[in-house]
Amino acid sequence: KVTAWAQTPEAAIRRMDRALREFRVRGVSTNIDFVINLLKHPTFLSNQYTTKFIDTTPELFDFTPRKDRAMRS
C-alpha cells in the first residue's frame, strides 16, 4: 500500500506517480503499472471521471509488464 499527500491534488498525483515508479515488489504481481496509467490519464487528471471510468477505459490496462531485475529470466 502506498499513499501520497500534498497541498494540492496535482502535487499529490506527482508524488504518487514518482513513488510508484520507484517502488519495487519482488515475487508477486502488482497493479502498479495500471495505477501509473490511471494517474496520467487526462480524464483522471481533469477530475471528470465517474464510477464507470475504469470499466470504460480499456487503455488503462495497456502496459508492458516490468522486468524484475533481481530475478533471472
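This report describes the helix packing, nonpolar core, aromatic pairs, salt bridges and surface patch of one predicted model.

Because the model is predicted, local features are reported at pLDDT of at least 70 and side-chain atom pairs count only at pLDDT 80 or more, whereas totals for chains, interfaces and linings use all residues. Residues are numbered from 1 along each chain as its sequence is written, and side-chain values use heavy atoms, with hydrogens and water left out.

Helices here are DSSP runs of H or I with at least four residues, numbered from the N terminus. Eight of the nine residues of helix 2 (residues 32–40) are buried, so this helix is largely enclosed by the rest of the structure; buried means under 20% relative accessible area, exposed means over 50%, and partly exposed lies in between, with a 1.4 Å probe and protein chains only. The buried residues of helix 2 are Ile32, Asp33, Phe34, Val35, Ile36, Asn37, Leu38 and Leu39, and they pack against helix 1 (9–22) and helix 3 (42–45), contact being taken as heavy atoms within 4.5 Å.

A nonpolar core is a set of buried Ala, Val, Leu, Ile, Met, Phe, Trp, Tyr and Cys residues joined through side-chain atoms within 4.5 Å. The largest such core has twelve residues, namely Ile13, Met16, Leu20, Ile32, Phe34, Val35, Ile36, Leu38, Leu39, Phe44, Phe53 and Leu60. Helix 1 and helix 2 each supply at least two residues of this core, and its largest share, six residues, comes from helix 2. Isoleucine 13 touches Leu39, Phe44 and Leu45, when residues up to four places away in sequence are not counted.

**Aromatic pairs**

Rings of Phe, Tyr and Trp (its six-membered ring) pair if their centres lie within 6.5 Å, and planes under 30 degrees apart count as stacked, over 60 as edge-to-face and the rest as tilted. The structure holds three aromatic pairs. One of these joins phenylalanine 44 and tyrosine 49, which are stacked at 5.2 Å centre to centre with 20 degrees between the planes. The rings of tyrosine 49 and phenylalanine 53 have centres 6.2 Å apart and planes at 45 degrees, so this pair is tilted. Ring pairs thus link Phe44, Tyr49 and Phe53 into a cluster, in which tyrosine 49 is partly exposed at 38% relative accessibility while phenylalanine 53 is buried at 6%.

**Salt bridges**

A salt bridge is a side-chain nitrogen of Lys or Arg within 4 Å of a carboxyl oxygen of Asp or Glu, and by this rule the count comes to two.

| Salt bridge | N to O distance |
|---|---|
| Arginine 21 and aspartate 17 | 2.9 Å |
| Arginine 18 and glutamate 22 | 2.8 Å |

Arginine 21 and aspartate 17 both lie in helix 1, four residues apart, about one turn of the helix, and arginine 18 and glutamate 22 likewise lie in helix 1, four residues apart. Arginine 21 is partly exposed, with a relative accessible area of 40%, whereas arginine 18, at 56%, is exposed.

**Surface patch**

Phe23, Val25 and Val28 form a nonpolar patch on the surface, with about 240 Å² of accessible area together. Phenylalanine 23 is placed in the loop between helix 1 and helix 2 and is partly exposed, with a relative accessible area of 33%. Patches are made of residues with over 30% relative accessible area and no salt bridge, like charges being joined within 9 Å and nonpolar side chains (Val, Leu, Ile, Met, Phe, Trp, Tyr) within 5 Å.

Conventions
Accessible areas come from the Shrake-Rupley method with a 1.4 Å probe; for residues, only the protein chains shown count as cover.
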